[in-house]
Amino acid sequence: MTERPTLFWISGSTPAWRVMLALTLKGVAFESCKLDTGKDENRQAQYLALNPKGQVPTLVWGDVVIRESLAILGWLDRAFPARPIWGQNAVEAASVWQDVALLIEDLHPHLSEVGLGLMRREAIPKEAITALEAETDAWCVRLEASNYLGGTARMASDIWLYPALYWIGRGVALNADPPETLTDLITSRPALAVWRARMDALPGVADTYPPHWRTS
């Protein structure tokens, strides 16, 4: 099939950002379809026929319609094997999947609680911030020993973490009085700061940054 995949996304959605990152890092050309939530474009009948929940991302390639970010990332390596994001072999794939599962199980609950608190400008329990810092420190140990969570090359685990940390940073920027330990969550951890800068510098990554975050 020569047709390009089409990615439906919303600016600021971290799951959609992960898919855009994966497409970009794998060098897969795609059609970009940005949905405007202010116009309820994600609630229109045409889009709901693709994604009944009205959520993003949704990827369409011919008759293939995939609605979950991890499912899309998994599919991408099968459909476009070059520049793999799930490892070069079965052992590496298991390692990357294990890391992604641990990020979701151990880090995501604290990311979500803290991030939503920042976005809503609500008081964030100290215990949630402490837990987020502890989990972040655990991943920093990995990054002290390698360029990426995936080892020598960026993998799906790196793609999962990158937008999540920027989302926290976005919440800090929007909050008039964020907790001090969150303002330097990245910069106070050299290995994490170097990793993020390395990800920032990868070809095409800067173009995936949520456009409305650049102007507001």
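Tutor: What follows takes those topics in turn, and please keep in mind that this is a predicted model.

Student: Okay, salt bridges to begin with. How many does the structure hold?

Tutor: The structure holds four salt bridges. As background, side chains of opposite charge can pair when their charged atoms come close.

Student: Which residue forms a salt bridge with Asp77?

Tutor: Asp77 pairs with Lys26, and the closest N and O atoms of the two are 2.7 Å apart. The pair links distant parts of the chain, since Asp77 sits in helix α3 (residues 69-79) and Lys26 in helix α1 (residues 14-26), 51 residues apart.

Student: Are Asp77 and Lys26 buried or exposed?

Tutor: Both Asp77 and Lys26 are buried.

Student: And what does Arg142 meet in a salt bridge?

Tutor: The side chain of Arg142 meets that of Asp99, at 2.7 Å from N to O. Arg142 belongs to helix α5 and Asp99 to helix α4 (residues 90-119), so this pair ties together parts that are 43 residues apart in sequence.

Student: Why does Asp99 count as buried?

Tutor: Asp99 counts as buried because its relative accessible area is 4%, whereas Arg142, with a relative accessible area of 30%, is partly exposed.

Student: What about Arg4, where's its partner?

Tutor: Arg4 forms a salt bridge with Glu31 through their side chains, at 3.8 Å from N to O. Here too the pair links distant parts of the chain, with Arg4 in the segment before β1 (6-9) and Glu31 in strand β2 (residues 31-34), 27 residues apart. Arg4 counts as partly exposed at 43% relative accessibility, and Glu31 counts as partly exposed at 39%.

Student: Since Glu31 came up, what does Thr6 touch?

Tutor: Leaving aside residues up to four places away in sequence, Thr6 touches Glu31, Cys33, Thr58, Leu59 and Val60. Thr6 itself lies in strand β1, and because its relative accessibility is 19%, Thr6 counts as buried.

Student: Switching to helices, which residues of α8 are buried?

Tutor: In helix α8, which spans residues 190-200, the buried residues are Ala191, Leu192, Trp195 and Met199. Seen down the axis of α8, these buried residues fall within an arc of 95°, so they line one face of the helix.

Student: And what covers the buried residues of α8?

Tutor: The cover includes α5 (126-145) and α6 (156-174).

Student: Last topic: how many cavities of 30 Å³ or more does the search find?

Tutor: A search of the whole structure finds two cavities of that size.

Student: What lines the largest cavity?

Tutor: Its lining residues are Trp9, Ile10, Ser11, Gly12, Ser13, Ala16, Trp17, Met20, Thr208 and Pro210. Helix α1 gives the most to the lining of the largest cavity, with three residues, and by class that lining divides into six nonpolar, four polar and no charged residues.

Student: Which residues line the second largest cavity, then?

Tutor: The second largest cavity is lined by Leu107, Thr136, Trp139, Cys140, Leu161, Leu165 and Leu192. The elements that give two or more residues to this lining are α5 and α6, and α5 gives the most, with three.

How values were computed
Residues numbered from 1 in each chain as written. Predicted model: local features only at pLDDT ≥ 70, side-chain atom pairs only at ≥ 80, totals over all residues. Heavy atoms only, no water. Buried < 20%, exposed > 50% of the residue type's maximum accessible area, 1.4 Å probe, protein only. Helix = DSSP H or I, 4+ residues; strand = E, 2+ residues; numbered from the N terminus. Arc of directions from axis to C-beta. Contact = heavy atoms within 4.5 Å. 1 Å grid on protein atoms, 1.4 Å probe; cavity = no way out; pocket = protein on both sides within 12 Å on 5 of 7 lines; lining within 4 Å. Points joined across faces, edges and corners; volume = space filled by probe spheres on them. Nonpolar A, V, L, I, M, F, W, Y, C, P; charged D, E, K, R; others polar.
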